[in-house]
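Subject: Structure handover

Hello,

Here is the structure I promised you.

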Amino acid sequence: MRCDRIWRDARLATMAGDGMGLIEQGLVAATDGVIVYAGAAADAPALDPAETIRCDGRWMTPGLIDCHTHLIHAGDRAREFEMRLDGASYEAIARAGGGIVSTMRATREASEDELVAGALPRLDALIAEGVTTVEIKSGYGLDTASEIRMLRAARRLGSERRVQVATTFLGAHALPPEYAGDADGYIAMLVDDMLPEVARLGLADAVDAFCEGIGFSAAQTARVFDAAKRAGLPVKLHAEQLSNQHGSALAAGYDALSADHLEYLDDAGIAAMTASGTVATLLPGAYYFMRETQLPPVDALRRAGVPIAIATDCNPGTSPLTSLLLTMNMGATLFRLTVAECLAGVTRNAARALGLADRIGTLEAGKRCDLAIWDVERPAELVYRMGYNPLHARIWSGR
């Protein structure tokens, strides 16, 4: 078989199936950026590669996937961090004009070029740790022009760097000041004007909302999801982060790709997610940064067979985190996820949370050749270490 290149003498964590798919003497072959073989070297077909790369026994995983970020924004919220250290709650800061709305003001004032320039260092930090796909949400513009500018900036990141960017429209993130006291009016504008224009321009791959006491109600979220359905876009949801608004069950009713955060998720929500196949995306960075104490119901999610993803939730207010490796460590130490669960959470389950499981997330024939090659003795080191990056090489689309 002719192929562009092969990577040999590698130990593989294919992440295919239910476990890590470990292969001690493995080989990966690719043509035109697509894997044509991944498995034991002894079982490989006869290959005629244009190029051979020796991995010298290093471990190889699929390229990592950060499936929940807010990389595009202007400004920072370090002052609010100080306020929280002094005892102010997230809700109190938000109601005083801080939180998402403070980032909105800075983001509205920034040009598209400025948004791209500000996001590139954050993206580069993820890429340096083997990330090959990243989801980026809007939600800091909260008017049509600013939301579109954010999504255009996110799309541009995918041309500025060799990385796949999945964009999510999060117009229902917070209530902008011009709609103070009129959340229903804002949602009406979003579903009648903003979301249709985003869809017409082809700038979003999915639609998200913040269903929370300081965000939007379940009824308002349903209106957003109905509009997304009319536009032919899948949905996902910030749900059960600060309280139980039954958003996860609502999202599952719309066959949501994922429900994210989930600290206050109940049994009914878990059952609904199980039935719909909705991924549970856990965000340990936000849990850590906000000093939360309500753990997501990991054991119940396991028992129900709900796929678990983990992500950085990189954002300026509640998770200024740009390390998916540290996110895995937090998932293990804070949420008691296993090594296999952490690795699945940033590969195959993260791909599923983006609706991309047929294209990325595992080392299998037919998937895009996104690889991360590591200087480690065992996969557990990727979860075990803190502040250490053992990446040897990152391959995106076969290159």
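There are five aromatic pairs in this predicted model. The rule is this: rings of Phe, Tyr and Trp (its six-membered ring) pair if their centres lie within 6.5 Å; planes under 30 degrees apart are stacked, over 60 edge-to-face, and the rest tilted.

Phenylalanine 81 and phenylalanine 289 make a stacked pair. Their centres are 5.0 Å apart, with 20° between the planes. Phenylalanine 81 sits in helix 1 (residues 78–85) and phenylalanine 289 in helix 10 (residues 284–289). That links distant parts of the chain, 208 residues apart. Helices (H or I, at least four residues) and strands (E, at least two) are DSSP runs, numbered from the N terminus. Phenylalanine 81 is partly exposed, at 32% relative accessibility. Phenylalanine 289 is buried, at 18%. Buried means under 20% relative accessible area, exposed over 50%, and partly exposed in between (1.4 Å probe, protein chains only).

Phenylalanine 225 and tyrosine 254 pair edge-to-face, at 5.3 Å centre to centre and 70° between the planes. Phenylalanine 225 lies in helix 7 (residues 218–231), and tyrosine 254 in the loop between helix 8 (247–253) and strand 11 (258–261), so the pair ties together parts 29 residues apart in sequence. Phenylalanine 225 is buried, with a relative accessible area of 1%. Tyrosine 254 is partly exposed, at 26%.

Ring pairs also join Tyr179, Tyr186 and Phe216 into a cluster. Arginine 385 lies over the face of tyrosine 388, 4.7 Å from the ring centre. For that, NZ of Lys or CZ of Arg must be within 6 Å of the ring centre and within 35 degrees of the ring normal.

Two notes on the numbers. Residues are numbered from 1 along each chain as its sequence is written, and side-chain values use heavy atoms, without hydrogens and water. In this predicted model, local features need pLDDT of at least 70 and side-chain atom pairs count only at pLDDT 80 or more, while totals for chains, interfaces and linings use all residues.

On a 1 Å grid over the protein atoms alone, a cavity is a set of points where a 1.4 Å probe fits but cannot get out; a pocket is an open set with protein on both sides within 12 Å along at least five of seven lines; lining residues have an atom within 4 Å of a point. Points are joined across faces, edges and corners, and a volume is the space filled by probe spheres set on them.

The largest pocket holds about 390 Å³. It has 21 lining residues, and Ala94, Val101, Ala174, Leu175 and Ile214 are the closest to its centre. Helix 2 (90–95) and helix 3 (100–109) each supply at least two lining residues.

The second largest pocket holds about 290 Å³. Of its 15 lining residues, Pro307, Ile308, Ala344, Arg348 and Asn349 are the closest to its centre.

The structure has two cavities of 30 Å³ or more. The largest cavity has a volume of about 140 Å³. Of its 14 lining residues, Tyr90, Ile100, His173, Asn315 and Thr318 are the closest to its centre. The second largest cavity has about 40 Å³ of space. Its lining includes Pro62, Thr132, Arg368 and Asp370.

Best wishes
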